Amino acid sequence: MSIKPLIFCLGILPAVALADDFYISSQAGSHLSLFDSKTDEITKAIEVSAGPVMLAVDKSNDAIYLSHPEQGKLSVIDLNSFELINEIKTGGQPFAMILDSQRSQLFVTDWSRNALLVINTTSRQLVDLLAVGESPAGIAIDPDGRKVFVANRESNSVMVLDADTPDLHATIETGERPYAVAFNPINGHLYVTCVKDNSLTVIDTKTYEKIAALKPGKAPYGVTVSDDGNRFYVVNQNDNTLVEFDAVSLQITQTIKTEKMPESVELSTDQQHAYVTNWFSNSLSIIDLQQGKQTSSIPLKDGPRKISLAH
């Protein structure tokens with residue numbers, strides 16, 4: 001009896017959709033929510049201290065950090081129990097945050113003290129306070145190059161600081177009222193949304209030169225970069241749009257309608273969908289990037305601000 005070899009034909013197997021979890025802060029609603037992209041549902045939602053704005057997910061320590069600018073503190077939420085486990089009193093107005101994947105530290109911009117705060121994520125103590133420009137808002141990090149980028153909203157600049165020392169590498173002029181920043185580790189570019197003059201500044205982080213001033217739309221706000229570094233995405237608050245840019249040509253490749261006053265944007269792990277929080281609609285837009293359109297809208301607690309991938 002002859003035995004025929006078993007041949008696996010992967011091409012005929014159905015594609016398996018990857019499911020992601022996202023954390024979402026709601027400032028006016030004082031809530032932290034967990035969204036499951038497999039079911040398109042909010043699976044957990046807890047009331048937190050008033051006015052949470054930004055968040056950072058620390059998987060290594062099973063923690064979520066929430067900033068409360070009006071209370072001068074950070075909340076620390078346990079990833080597993082979804083309960084408050086600590087509060088870090090910073091003073092000032094802590095705003096945007098970025099974790100350092102190489103060291104146990106969290107960088108936090110302080111809006112009112114014109115400072116960058118350094119939090120030790122092991123002890124959960126404030127360990128340093130560095131001077132930056134006026135009203136620092138967005139923040140990004142190059143963990144391998146050991147650089148931290150801070151957008152100074154009232155100074156119309158980005159400062160580049162050393163992630164390990166108090167040294168300032170550069171101060172770079174941007175458009176008017178820079179707000180959010182995103183770092184592209186593939187090409188070394190930094191993207192800075194500038195709300196007042198409807199522009200996006202592109203900076204070469206190796207030379208510290210401003211290489212382009214783009215026009216994404218009216219009141220560009222949140223920005224993120226695809227994993228392969230080939231595309232970046234900007235939401236425009238006054239246009240109610242998500243704009244996709246080609247990272248090489250710096251040209252807009254598609255413009256997609258969202259709901260009212262989009263705030264922040266995050267991509268799915270498979271890079272096929274974008275998730276946008278909408279401040280005025282109290283909703284989450286689910287956008288199919290291949291179809292180039294919004295496919296679903298999920299109600300959120302009042303004043304959704306930041307969305308972050310859970311892993």
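Predicted model: local features only at pLDDT ≥ 70, side-chain atom pairs only at ≥ 80, totals over all residues.
A residue is called buried when its relative accessible area is under 20%, exposed when that area is over 50%, and partly exposed in between.

The side chain of aspartate 228 meets that of arginine 231 in a salt bridge, with a distance of 3.6 Å from N to O. Arginine 231 itself, at 23% relative accessibility, is also placed in the partly exposed class, because its value falls between the limits of 20% and 50%. This arginine belongs to strand β21, which covers residues 231-236.

Arginine 231 has a further salt bridge, this one with glutamate 244, where the closest N and O atoms are 3.9 Å apart. Because arginine 231 lies in strand β21 and glutamate 244 in strand β22 (residues 241-246), the pair ties together parts that are 13 residues apart in sequence. If its neighbours within four places in sequence are left aside, arginine 231 is in contact with Val225, Ser226, Glu244, Phe245, Ala247 and Gln271.

We turn now to another part of the chain. A salt bridge of 2.9 Å, N to O, brings together the side chains of arginine 103 and aspartate 164. This pair links distant parts of the chain, for arginine 103 sits in the loop between β8 (94-100) and β9 (105-110), whereas aspartate 164 sits in the loop between β14 (157-162) and β15 (168-173), 61 residues apart. Arginine 103 is partly exposed, at 42% relative accessibility, and aspartate 164 is partly exposed as well, at 38%. Both residues take part in a network of salt bridges that links Asp100, Arg103, Arg146 and Asp164. For the model, the count comes to 9 salt bridges.

What is the nearest side chain of opposite charge to aspartate 142, a residue that is buried yet has no salt bridge? It is lysine 147, which is 5.6 Å away, and the pair is not counted as a salt bridge because that would require a side-chain nitrogen of Lys or Arg within 4 Å of a carboxyl oxygen. Aspartate 142 is found in strand β12 (residues 136-142), and, not counting residues up to four places away in sequence, it touches Lys147, Phe149 and Phe183.

Key
Residues numbered from 1 in each chain as written. Heavy atoms only, no water. Helix = DSSP H or I, 4+ residues; strand = E, 2+ residues; numbered from the N terminus. Contact = heavy atoms within 4.5 Å. Buried < 20%, exposed > 50% of the residue type's maximum accessible area, 1.4 Å probe, protein only. Lys, Arg positive; Asp, Glu negative; His and termini not counted.
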